[in-house]
Amino acid sequence: FSHSGKFVLLGMDDGVLRIHPLDGSNNFEHFSSFWALNVHDNHHGGIRHIKTSFDDKYVFTAGLDGNFFVFRFMDEAVKGLKVPHKVSIPSAKVR
């Protein structure tokens, strides 16, 4: 989560950083929109650490490729994303 709790930041095994804005309910059943950036190496750069600054102005990532990146976080641009359909995230049920 971002420091403010307004966004979920996901680091993928293929080096992609995905940012999902939350609507305030923290409902993970549907991620209606997201912003993605291919940051680290596609084959050996899985993102293992993501952190935002205390004011959510910067995003820090560290990957298995040995790189560390700092990005200026444009939360207003991410909030305005519109995607025509919602993506359902599968869930594992423990019995």
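Biologist: In the hairpin of S6 and S7, which residue takes a positive phi?

Modeller: Keep in mind that this is a predicted model. S6 covers residues 58–63 and S7 covers residues 68–72, with four residues between the strands. The one with a positive phi, near 90°, is glycine 66.

Biologist: And how do S6 and S7 run, parallel or antiparallel?

Modeller: Five bridges join S6 to S7.

Biologist: What about S5 and S6, which residue is the bridge partner of histidine 49?

Modeller: S5 and S6 also pair over five bridges, in the antiparallel sense. Their hairpin has five residues between the strands, and there aspartate 56 has a positive phi near 60°. For histidine 49, the partner in S6 is alanine 62.

Biologist: Is alanine 62 on the covered or the uncovered face of S6?

Modeller: In a regular strand, side chains alternate between the two faces of the sheet. Val59, Thr61 and Gly63 make up the covered face of S6.

Biologist: Which residue forms a salt bridge with arginine 48?

Modeller: Side chains of opposite charge can pair when their charged atoms come close. Here the closest N and O atoms are 3.0 Å apart, and the cut-off is 4 Å. Arginine 48 is in strand S5, and its partner lies 35 residues away in the loop between S1 and S2. That partner is aspartate 13.

Biologist: Where does pLDDT stay under 50?

Modeller: The chain's mean pLDDT is 75. Where pLDDT is low, the predicted coordinates should not be read in detail. The stretch under 50 is residues 83–89.

Notes
Residues numbered from 1 in each chain as written. Predicted model: local features only at pLDDT ≥ 70, side-chain atom pairs only at ≥ 80, totals over all residues. Heavy atoms only, no water. Salt bridge = Lys/Arg side-chain N within 4 Å of Asp/Glu carboxyl O. Helix = DSSP H or I, 4+ residues; strand = E, 2+ residues; numbered from the N terminus. pLDDT = per-residue confidence, 0-100. Contact = heavy atoms within 4.5 Å. Buried < 20%, exposed > 50% of the residue type's maximum accessible area, 1.4 Å probe, protein only. Pairing = 2+ DSSP bridges.
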